[in-house]
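Subject: Handover of a structure for your review

Dear colleague,

Please find below the sequence and structure that I am handing over to you. My notes on what was found follow directly after.

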Amino acid sequence: MSVCKYLMRRIFALTAATAGFTSAPLAETPKADTLKAATPNAAGSGRQITDAPTGGAPAPGALRASAPWPAVSAKTSTDWSQPGNDAGRMRFSALKQINKRNVAALKPAWTFRTLDAGNGSTIECTPIVVGGVMYLTTARLRVVALDAATGKAIWVHDPKAFGVNRGVAYWTDGKASRILVGLPDGRLLSLDARTGKPDARFGKGGIVYLRAGYERDLAGFAYGTTSAPSIYQNLVIVPIQNSEGQPGAPGDVRAFDVRTGREVWRFHTVPRPYEFGNDSWAEGSWKNRSGVNAWSGYTVDTNNGIIFAATGSAASDFYGGDRKGDNLFANCLIALNARTGQRLWHFQTVHHDLWDADNPCPPVLCAVKGKEAVALPTKTGFIYVFERKSGKSFFPIVERPAPPSTIPGEQAAAAQPMPLAPPPLSPQIITTNDLTTRTPEAAAEIRERVQREKLRLGQWRLPPSIEGSIITPGYHGGATWSGAAYDPTSGLLYVNTNNVPSVIRLNRNSGGNYDFAGYLWLRDKDGYPGVKPPWGHLTAVNLDKGAFAWRIPLGTYPELGDKSTGCENFGGAIVTAGGLVFIGSTRDEKFRAFDKTSGKLLGEWRLPAGGYACPMTYQVNGRQFVVIAAGGGGKIGTRSGDSYVAFALPPASPMNPVPMKPVTTQRPSLFDKQNQIAWCVVPFDAKKRGPEERAAMLQRLGFSQFAYDWRAEHIPTFDAEVEAMRKRGIELTAWWFPTDPRDPAARTILDVIQRQRIHPQLWVMGSGGPTKTPEEQQQRVEQEAERIRQIVELAKPAGCQVHLYNHNGWFGQPDNEVAVIERLKQKGVTDVGMVYNFSHAHDDIADFPAIWKRIKPYVVAVNVTGMVSNGADKIIPPSQGDHELEMLRVIQESGWRGPIGLIAEQGGDAEVTLSNYQRGLASLAAELKADGSGGQRP
């Protein structure tokens, strides 16, 4: 029995004790398990949270659910609407704002705390996002809707349940929308996606009680759901978690009407006497058989109308003397007609399972050499790849002879299936040569234990024994419940796996049969796996070739100081068009990003607790987020957590004032990179030089950012310009924007900005000449405010901010900009500021202090223009009397500590211009050093 299924039994046992049920004793009890569940049929309601404790668990904290429904632009937002993103569970996203080039800059954008973690609790839920709203479950299975851009709660529904939940389902017909949630205690909930309130038309008050509808009473048995339901048209198909001992509840696949909760069809996973497969059970042994359940969820092929179910073992897990035969449809991949539940084809991955070798995850829809395929990673470490409609394998599968059982009355299968490609993801046989050599003491201890206990090893598919059989992969796989991610652009399948052997031992009971002796592991005295590392892997599999593309250890034990060991991991990966594989999963509590083509580590981040869940990614209003649950606890047993962490690139807003470092001198350097950001307008001399040469010039000057002219003739070179700059570590900071939002160039600029996944500032100049009367002035303020408001709305979906730029036109008078900004605030536009341009043409240094007092609250950046005169090939060094130095000193003395742009205007020969500009900056820095202010070239 897997530990995840153990949790289900434990949940039911505790629930049954509260409700007056009885249950068979548990085989394994975690040391820290003190939680109890509430009465199974208690119903919750949207927004209402009860903080009363449940059993021995701590009371959940109060969640504030007051955020408004978010405003979202469909054009610049991308959902993740199912736990696998698509019904085929590829866990692939076409988003690429976050990519190989910039992923190392990811930072937490928001964190949502569920406030209900308990001793040993975990969060394994993969959230979904639909229309800018995120739906998830907490450690105590409260269902929450969040604003996906901020992490603030919109509504909360508390069903008063306990256990594991790995996700929810979303359904809509375009009018109504529902969130479907399966609970471990046997309830299926339908909640209004907008309010969180139960759908009164569904079942009884929004609940379908899944134990109903059987000819026998299931009240005394574990029966519920831990994985997300699947949706096909107007059907909700529910995965079942049930008992793994006898007697128990059935594991049938069941489909319900999503509007009413009425059961529509059912597939018997243990076939009745009149059904195909019943002859794979010894006479009568099928009856009331438990297990044989697709507990990990389903994969839906919407194009072909097929449901794929990957089933677990038959009860009891490790002894099958009372169920002789191959035991269909245990350990199978089954293709079902999605409308009727009729079997189309099946393949059994393990005959007469004696190892709890459940198929632990749903398969993944994929393509092999252009053909529709479905791939199933398994706990046994194999990947099976079939044609979707026919069930024909793409690679040869042989029936390999397997050793007989030494347990009286047991009849192990004489052979077991083995695919010849792709290669196994985990070792298949343990010999003495594979035992640990971590330290001499650990090596001696493990070898002595093997000899002393007479543990059996060295054979493939070695059955359980009285002495104990060392099994690999162990109880935790191989592959785990998280399964695989598939990249349709490359044909690569990404799977994380474990390599921690188990010891399976049976004891004879008083009835003459045999019982499982408990979950035993082959670990050394320090708790590390008793075999040579790596103990955890992340593998990329080329499905066209049936071979590994790359394979790396996943995770570390930091105390060992060895990054090559890998570690046990739970939770899966996602893959993106940005060239990335994201995964948490590891006991070292880190979240990582890898290059999807090579496996190179590109970034890693410490989580508040272990991320034992699958991440997901989405975009809201032009900004991409990556989210993972950091719930810790669970199977690995590290500290429990209560957080969902959303990562994103820092907002590209370099014009916003930046925090200052403590001033240690009277006059800190104007060119201190920590305090100011210097940028330069491009393109220089666009007709004579290409983007690579211009990028080299800016790099030589030391610029880390650049600004771009709005003129339409520059747009065709924009993509090449950005790429050339990025290669040299220079990013786009600002773009002079067309004055008229109706200008076709405005739309074109925003299109290329979105294509490049950048969010520069848009600087807008004033329109028209000076006003003559107060009435005309007021009218101009209103006109300009409305124009800027329209530009702000236009720029929002691209993730850009808009600021006023007083370079020329009506905005040449700073007071006019102030009036427009104040009018915009009255219109509800609060994030527009002023970029103040300080130059020969517009400003008198003597008047600046008075001007500065009026405009300082509105300024987000300052420009110093005129270091190079338009059309000139030379610069007048500040030391020779030019007043650029004086402008910079006046700005410094004003107290401004935000970004300062040193803008060289276009004109003349670019090489000479940049060379002279560089000498001018060096001269200015020398002047500043001479007067004690420091001064470093930007």
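Predicted model: local features only at pLDDT ≥ 70, side-chain atom pairs only at ≥ 80, totals over all residues.

In what order do the 4 strands of the open sheet stand? The order is E3-E4-E5-E6, and the pairing is antiparallel. Strands here are DSSP runs of type E with at least two residues, numbered from the N terminus, and two of them pair if DSSP finds at least two bridges between them. Strand E3 (128-130) and strand E6 (153-157) are at the edges with a single partner strand each, so one side of each has no neighbour in the sheet. On average, neighbouring strands of this sheet are turned by 20° against each other, direction ignored; the axes behind this angle are lines fitted to C-alpha atoms.

Residues are numbered from 1 along each chain as its sequence is written, and side-chain values use heavy atoms, with hydrogens and water left out.

Within the sheet, E3 pairs with strand E4 (residues 133-137) in the antiparallel sense over 3 bridges. Val-130 has Val-133 in E4 as its bridge partner. The rings of Phe, Tyr and Trp (its six-membered ring) pair if their centres lie within 6.5 Å; planes under 30 degrees apart count as stacked, over 60 as edge-to-face and the rest as tilted. The pair of Tyr-135 and Trp-155 is tilted, at 6.1 Å centre to centre and 45° between the planes. Both Tyr-135 and Trp-155 are buried, a term that stands for under 20% relative accessible area, with exposed meaning over 50% and partly exposed in between (1.4 Å probe, protein chains only).

A second tilted pair is formed by Trp-605 and Phe-647, because their ring centres are 5.7 Å apart and their planes stand at 50°. Trp-605 belongs to strand E38 (residues 601-606) and Phe-647 to strand E41 (residues 640-648), so this pair ties together parts that are 42 residues apart in sequence. Trp-605 and Phe-647 are both buried. By the ring rule, the count comes to 28 aromatic pairs.

I would next draw your attention to strand E19 (residues 332-337). Strand E18 (residues 306-310) runs antiparallel to E19 and is joined to it by 5 bridges, with Phe-308 opposite Ala-335. E19 is also joined to strand E20 (residues 343-348) by 5 bridges, again antiparallel, and here Cys-332 has Gln-348 as its bridge partner. The hairpin of E19 and E20 has 5 residues between the strands, and Gly-341 takes a positive phi near 80° in it.

Phe-308 is also part of a cluster linked by ring pairs, together with Trp-345, Phe-347, Phe-382, Tyr-384 and Phe-386. Charges over rings are a related topic: NZ of Lys or CZ of Arg must be within 6 Å of the ring centre and within 35 degrees of the ring normal. Arg-343 lies over the face of Phe-276, at 4.0 Å from the ring centre. The charged end of Arg-166 sits over the ring of Trp-481, 4.3 Å from its centre.

Most residues other than glycine have a negative phi, and most peptide bonds are trans. A cis peptide bond joins Leu-328 and Phe-329, with omega about 5°, and Phe-329 lies in the loop between E18 and E19. Another cis bond joins Gln-246 and Pro-247, with omega about -5°. Lys-369 is not a glycine, yet its phi is positive, near 50°. This residue, Lys-369, is placed in the loop between strand E21 (364-368) and strand E22 (371-377) and is exposed at 64% relative accessibility.

Finally, how many disulfides does the structure hold? The number is 0, where a disulfide is a pair of cysteine sulfur atoms within 2.5 Å. Cys-125 is buried, with a relative accessible area of 0%, and Cys-366 is buried at 3%.

With kind regards

Terms used. Axes fitted to C-alpha atoms, helices over the stretch in contact; angles between N-to-C directions.
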